[in-house]
Amino acid sequence: MNAKPKRRTATENGDTSEDLVLVTLIGNGEDLGPIVRHAFEQGRPEPLLHQLRNVDKKKEAEIEELCRLHYEEFIVAVDELRGVLVDAEELKSELATDNYKLQEVGAGLLSKLDHLLESYAIKKNITEAIKMSRTCFQVLELCSKCNAHVSEGRFYPALKTVELIERSYLNKVPVKTLKAIIEEKLPAIKLHIEKKVCSEVNEWLVHVRSRAKDIGQAAIAHTASVRQKDQEVQARQREVEEQSNSGLADIAYSLDVDEAEEDSVLKFDLTPIYRAYHIHKYLGIQERFREYYYNNRLLQLNSDLQISSAQPFLESHQTLLAVVAGYFIVEDRVMRTSGGLLEASQLETMWETAVSKTISLLEGQFSHMDIAAHLLIVKDYVTLLAATLRQYGYEVNPCLEFVEGTKDKYHKLLLAECQQQISAAIVNDTYGQMVLKKESDYHANVLSFQLQTTDIMPAFPYVAPFSSMVPETCRIVRSFIKDSVNYLSSSGCMNSFNAVRKYLDNILIDVLNEGILNAISDTALGVSQAMQIAANASVLERACDFFLKSAAQECGIPTRSMDRPQATLTAKVVLKTSRDAAYIALLSLVNNKLDEYMSLTENVNWTSDDIPQGGHEYMNEVIIYLDTLMSTAQQVLPVEALYKVGTGAFEHISNSIVGVFLSDSVKRFNGNAVMAINNDLKILENFADERFDSTGLSEIYKEGSFRAYLIEARQLINLLLSSQPENFMNPVIREKNYNTLEYKKVAMICDKFKDSPDSLFGSLSNRNTKQSSRKKSMDALKRRLRDFN
């Protein structure tokens, strides 16, 4: 039995390679479906079936072989199994016995177990009831706490409590009635809280609208204070600079540090807005609240920009602009601190609306204003508003551009007002030299406008070279400069200076210069008045430098930059022209007055047999008048004007003397008359020399003395008294001694010259040979002049 059978090979069993593959697949437990499907698809199931039969036979042979090899062990196992079966029967009998005994013993215990289970069930129910009661109690406690929060106005904790109830307790409430009531009340509580916070917001809107004016006024006042301090600092800096430039030492420097008090001034409560926005945000309806807030504030803005026609705009403009300032200060704070309640784009829209309506309103009001001071007051507050809101990041350039666009209207009104004042100053002027009795008057009327000609303090009483209209006009112009700078202060300093200079030229040329020209053209003007006007024009021309420096100082321009030659006013040239016109008018009046005195030559005896002793009456009057004129002119006019007046007067007298000889009133004249005129001319020449020296002009004008302007009359008299008058026709002698005389005039005058009477007994007269030869020479000159002409 122990002999091992021989293993059959695949060839012996008739196995093929395909059978081996099939056996391997079956041994591995793999799916034969694909192989079967493939066989049927190929239409050859018979080979597969044959292979399966071979495999089946092979497995049966293996089973038989296995049974043959282990049949002894199998028999032994069966015997052992029979023994086990007997033991099992015995064990079953014992178990039945034990079970019976156990049933008898456990019957009592089972009864007790039922009671125990029933007790456990009751306990569970009680525990569940307690848990439900505790849940209901907690919910009711939270509801009570929520009511307390609402009643105390603590809405956010109330909403947090509502959220806690909804999230953690509402679904756990075991009592349906209670749950239904709570579910019904929770939305009502939310709605109640929403209404309450909206009510608080409405109250805040009313409150902040009433506070806007105070907030704006405080902010603008702070800005004005800062601007004033800046101007004071700039003024001190300019003063220090001027002292430094002038060489003064011991300059004290100080640093003023002021704490910013704006935040303490501009305190306002935004708590209601913060809380309302936070609650709406918590409720998830922040967009609705943002829209509500924006629309209401925009309505308030539009309402605030409406003005009443019952109150003058000059009285209400500060309130209006202060409200605008306060409004946007509040909105800036809201945008920066509320966490998204107001967007930058919304605030920009509100600002653009306010700017547009404010500018439109100002344009309408400015168009009706006819007083420059009113425009200045409103403009100043507008620029303060712009400066205030610029600190909060608002685009204020449109406001400043509007103000810039009103400068022409303002200066037009200001010029009209100054024209009235300057015209009144000119009309009310007495054209008398201003007498200053004390030093304070000198400071107020001379030094304050830099009209002094010397740095030495004069003795008092001091007679100024100008009349009262000069300092009065200077005050008006200085006031004009300050008002102009105040109005243009919103621009850059250099731009302001250029504009001020333009308007300064306007007032000096179109107003002051026109007033001077009108005064000059007055037909009732006298010599003293014309002289004073000329002196005033000269002083005002010099004052142009002071006006320009004042404008530069007001604009903050360094005074050293005004010392350049090109830094001057056009008005200075115009006033210089008017000054020259005043000189011409003065000379014309002086000449007219001289003509009155020269008309007395009609009383001269042109054919006198004797030479009169002393001067003629007309010359005495002329000398007296010239003495008075030159004395007054020396006090009033500058040196160059004094020289012009003197030379003009003497030249006119010279022309008048020549004109007398040419006039039709003088039919003939003789040598005695010429000798008399020669005496008059000598008196005049001596007076001219004396005045030229006493006035100090001889030190300035070395070559052009007053006597030189009498040259035509002197050459004519010299020719008429010459022993050889025919030498006039000698070009060399004429150029040397008679270069101012014209042929035609000399011919006309010589024709009237009859030195001795033509009579039958003329040759028997006692005339000496010299006179005879002079007469012959004169006759020869007459003939040659007739031939020349």
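Me: Let's start with Gln 529: in which helix is its place?

Reply: Gln 529 belongs to helix H17; helices here are DSSP runs of H or I with at least four residues, strands are E runs of at least two, and both are numbered from the N terminus. Keep in mind that this is a predicted model, where local features need pLDDT of at least 70 and side-chain atom pairs count only at pLDDT 80 or more, while totals for chains, interfaces and linings use all residues. Residues are numbered from 1 along each chain as its sequence is written, and side-chain values use heavy atoms, leaving out hydrogens and water.

Me: Which residues is Gln 529 in contact with, beyond its neighbours within four places in sequence?

Reply: Contact means heavy atoms within 4.5 Å. On that basis, with those neighbours left aside, Gln 529 touches Tyr 431 and Ala 524. Also check C-alpha to C-alpha: Gln 529 and Thr 430 are 8.2 Å apart in space, though 99 residues apart in sequence.

Me: On to rings. How many aromatic pairs does the structure hold?

Reply: You describe a pair of aromatic rings by the distance of the centres and the angle of the planes. Rings of Phe, Tyr and Trp (its six-membered ring) pair if their centres lie within 6.5 Å; planes under 30 degrees apart are stacked, over 60 edge-to-face, and the rest tilted. The structure has 26 such pairs. In one of them, Phe 328 and Trp 351 have ring centres 5.0 Å apart and planes at 85°, so they are edge-to-face. Phe 328 sits in helix H9 (residues 313-337) and Trp 351 in helix H10 (residues 344-368), so this pair ties together parts that are 23 residues apart in sequence. Both Phe 328 and Trp 351 are buried.

Me: What about Tyr 597 and Tyr 625: how do their planes lie?

Reply: Their pair is tilted, with 45° between the planes and 5.5 Å centre to centre. Tyr 597 is in helix H18 (residues 570-598) and Tyr 625 in helix H19 (residues 617-636), so here the parts tied together are 28 residues apart in sequence. Tyr 597 is buried at 18% relative accessible area, and Tyr 625 is buried at 12%.

Me: What covers the buried residues of H19?

Reply: The cover includes helix H17 (527-555), H18, helix H20 (639-662) and helix H21 (671-694). Among the buried residues of H19 are Tyr 618, Val 622, Tyr 625, Leu 629 and Ala 633.

Me: Which helix holds His 652?

Reply: His 652 lies in helix H20 and is buried, at 17% relative accessible area. Setting aside neighbours within four places in sequence, His 652 contacts Asn 591, Leu 594 and Asp 595. The backbone oxygen of Asn 591 is 3.4 Å from a polar atom of the His 652 side chain.

Me: And which residues does Leu 587 contact, leaving aside its neighbours within four places in sequence?

Reply: Leu 587, found in helix H18, is in contact with Lys 644, Val 645 and Gly 648 once those neighbours are left aside.

Technical notes: Buried < 20%, exposed > 50% of the residue type's maximum accessible area, 1.4 Å probe, protein only. Polar contact = N/O pair within 3.5 Å; in protein donor to acceptor, adjacent residues only side chain to side chain.
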